[in-house]
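The following note sets out points for a colleague who has the coordinates open. Please read each point alongside the model.

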Amino acid sequence: MNSQHQSDLPHESRDPRDMTSPAASSHPEPDASTVRRAVAASAIGNATEWFDYGVYAVSVVYITQNFFPGEAGTLLALSTFALSFLVRPLGGLFWGPLGDRLGRKKILALTIILMAGATFCIGILPTHATIGFVAPVLLVLLRVIQGFSTGGEYGGAATFMAEYAPDKKRGFLGSFLEFGTLGGFALGSLIVLMGEVTLGNDAMMEWGWRIPFLLAGPLGLIGLYLRSKLADSPVFLELEEAGHSEESAGMALKELVTTYWKPMLIMAGLVVSVNVVNYTLLSYMPTYLEGQTEMSSQTVLTIMFIAQFAMMLVIPFAGKLSDKLGRKPMWYFSLIGLIVMSIPMYMLMANGFWWALLGFAVLGLLYIPQLACISATFPAMFPTQVRYAGFAITYNVSTAIFGGTAPLVNEALIEATGNPLIPAFYMMGACVIGLIAAKFMKETVGASLRGTEIPETGKMPVVARR
C-alpha cells in the first residue's frame with residue numbers, strides 16, 4: 001500500500017523475514033514448543049465450540065421433548081439451531097475489527113468464556129414441563145449468546161494459528177484446528193452414545209441429556225488457560241510495533257469493505273460449500289438417518305462417531321499434503337468428488353448400518369481436503385491489518401445464510417417433496433458454487449502472512465507506511 005513512499009522509507013520496506021530488521025528481530029519466529037502450544041490452544045477452543053454444536057445435533061430428540069413438545073417440535077429445535085447462526089454475523093462484525101485493533105489473544109479469551117459459559121448454562125436450564133414457554137425462550141437466548149461469541153471465536157482462532165505457523169507448514173498445523181472441530185463433534189456423539197448405553201433412553205430423556213452440555217464448562221476453562229499462557233501472534237505484534245494496526249474498529253471495517261471486497265466474495269463462495277457440506281453431514285445426519293432409514297439412536301450415534309473419528313485421523317495428512325500440492329488442487333479434488341459421489345452415497349445409506357457407515361465415510365473423506373485447508377486458505381486471503389475482521393465477517397455471513405440453516409432447509413424440503421435425496425442435491429449445488437469461487441482464488445501455499453498486502457505465492461509482502 002502507498003508503494004510510492006517505499007523508496008523514502010528503506011527501514012520499512014524491508015523483507016519481513018529478514019531477522020536483522022528492527023521489527024522482525026524484536027518478534028522472531030516462535031520456537032517449535034511455542035507453536036505447538038498455540039496450535040493446542042486454538043484447537044481446544046475450537047473443539048469446545050463445535051462440541052456444543054455436535055451435542056445439540058445428536059440431542060435434537062431430547063431438546064425437542066424437553067423444550068419444544070408438540071407436532072412441530074423437531075422443526076422448532078432445528079430452527080433454534082439455525083438461529084444461533086443468524087446471530088454469528090453480528091458477532092463477526094463486533095469481534096473481528098476489535099481483533100485487528102486490540103489483538104487476537106484478548107478477543108479469543110472473551111469469546112471462549114462466553115461460548116463455554118452459555119453451553120454450560122443450557123445444561124442447567126429448567127424444561128418446558130417446569131416453567132412452560134419460558135424454557136424455550138431461555139434456550140433461544142443462550143443459543144443467541146453462543147452464536148454471537150462464535151462469530152469471533154472461529155475466525156480469531158484460525159487467524160491466531162495461521163499467524164503462528166511457519167509458512168511452509170501452515171496447511172499441516174492449520175489442519176489441527178479442524179481436527180478440533182471433528183474432535184468436538186466426535187466427543188459430543190460419543191458422550192451421548194455412552195449416556196444412552198449406560199443410563200438408558202428414559203434417563204437420558206429425563207436428566208442425562210444435561211451432562212454433555214455441562215462438560216463444556218471445564219473444556220472452556222482448559223482452552224482459556226492455554227491461551228492465557230501465550231503472547232499474541234508475532235505477525236500481529238510486528239504490525240502493531242510498526243504502527244500499522246488499525247486505529248479504530250470502524251476504520252478496519254471501512255478498509256475491509258472498500259478495498260478487499262473481491263477476496264471477501266471469493267471466500268464467501270468457498271464457505272458456502274464448506275458449511276453446507278459440514279452441517280448437512282455432521283449436524284443433520286443423525287436426524288436424517290433416524291427419520292429416513294428408521295435406525296435406532298444408538299446405531300446412528302455409532303455411525304457418526306466411527307466416521308468422525310476416521311476423519312480426525314486423516315485430516316492432518318490432508319493438511320500436510322496441501323503444503324506440498326497447494327491449496328487449490330485440494331479444493332478442486334474435494335468439490336468435484338462430492339459433486340460426483342453425493343447421490344450414489346445417499347442412495348447407499350438407505351440400505352442398512354454397514355452401507356450407511358460406508359456412504360457417510362466416503363462423503364466425509366471427500367470433504368476432508370477442503371476442511372483441512374480452511375485455516376491455511378482463508379487467513380491468507382487478507383492482509384494482517386484486516387485479517388481477523390475479513391475472516392470473521394465473511395465466514396459468518398456466508399455461514400449464517402447457507403451453513404447453519406442447512407439442517408432446517410434439508411428437513412423442510414424432505415417433508416415438502418418426500419424426496420430423501422434432497423441433502424445430496426443441496427450439497428452438490430453448494431459445491432458448484434465453491435468450485436466457481438475456487439477458480440478465482442489465489443494460490444497462497446508457502447506465502448508469508450506478514451505485511452499489509454494480500455499474501456500470494458511468489459510475492460513478498462512488505463510493511464509499508466499507510
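Which residues form one aromatic cluster with Trp331? The cluster consists of Trp331, Phe378, Phe391 and Tyr395; its pairs are taken up in point 3.

1. Basis of the note. The model is predicted: local features need pLDDT of at least 70, side-chain atom pairs count only at pLDDT 80 or more, and totals for chains, interfaces and linings use all residues. Residues are numbered from 1 along each chain as its sequence is written, and side-chain values use heavy atoms, with hydrogens and water left out.

2. Overall composition. The chain has 21 helices and zero strands; helices (H or I, at least four residues) and strands (E, at least two) are DSSP runs, numbered from the N terminus. Of the 466 residues in the chain, 59% are buried, where buried means under 20% relative accessible area, exposed over 50% and partly exposed in between, with a 1.4 Å probe and protein chains only. Among contacts (heavy atoms within 4.5 Å) with a separation of 6 or more, 84% join residues 24 or more positions apart.

3. Aromatic pairs. Rings of Phe, Tyr and Trp (for Trp, the six-membered ring) pair if their centres lie within 6.5 Å; planes under 30 degrees apart count as stacked, over 60 as edge-to-face and the rest as tilted. By this rule the count is 16 aromatic pairs. Phe378 and Phe391 form an edge-to-face pair, because their ring centres are 5.7 Å apart and their planes stand at 75 degrees. Phe378 lies in the loop between α18 (353–377) and α19 (387–403) and Phe391 in helix α19, so this pair ties together parts that are 13 residues apart in sequence. Phe378 is buried, with a relative accessible area of 0%, and Phe391 counts as buried at 0% as well. Phe391 also pairs with Tyr395 in a tilted arrangement, 5.7 Å centre to centre with 40 degrees between the planes. These two residues, Phe391 and Tyr395, are four residues apart in helix α19, which means that about one helical turn separates them. Tyr395 is buried, at 2% relative accessible area.

4. Packing of α2 with α11. Two packed helices are described by the angle between their axes and the distance between the axes. Axes here are lines fitted to C-alpha atoms, for helices over the stretch in contact, and angles run from 0 to 180 degrees between N-to-C directions. Helix α2 (residues 32–58) packs on helix α11 (residues 216–228) at an angle of about 160 degrees, and their axes are 8 Å apart. The angle makes α2 roughly antiparallel to α11; angles under 35 degrees count as roughly parallel, over 145 as roughly antiparallel, 65 to 115 as roughly perpendicular and the rest as oblique. On the α2 side the contact includes Ala40, Ile44, Gly45 and Phe51, and on the α11 side it includes Leu219, Gly223 and Arg227. By class, the residues of this contact are eight nonpolar, six polar and one charged. Here Ala, Val, Leu, Ile, Met, Phe, Trp, Tyr, Cys and Pro count as nonpolar, Asp, Glu, Lys and Arg as charged, and the others, Gly among them, as polar.

5. Packing of α4 with α5. Helix α4 (residues 73–102) and helix α5 (residues 104–122) pack at about 140 degrees, with axes 7 Å apart. Trp95, Leu98, Gly99, Asp100 and Leu102 of α4 meet Arg104, Lys106, Ile107, Leu110, Thr111 and Leu114 of α5. The contact of α4 with α5 has six nonpolar, two polar and three charged residues.

6. Trp50. This residue is in helix α2 and is buried, with a relative accessible area of 2%. Leaving aside neighbours within four places in sequence, Trp50 contacts Arg88, Tyr154, Thr181, Gly184, Phe185 and Tyr279. Trp50 and Tyr154 are 104 residues apart along the chain, and their C-alpha atoms are separated by 9.8 Å.

7. Thr280 and Ser283. Thr280 is found in helix α14 (residues 261–283) and is buried at 0% relative accessibility. Residues up to four places away in sequence not being counted, Thr280 touches Met285, Tyr346, Ala406, Asn410, Pro423, Tyr426 and Met427. Ser283 is also placed in helix α14, and is buried with a relative accessible area of 4%. The C-alpha atoms of Ser283 and Val55, 228 residues apart along the chain, are separated by 9.1 Å. Apart from neighbours within four places in sequence, the contacts of Ser283 are Ala57, Phe81, Phe185, Asn278 and Pro407.
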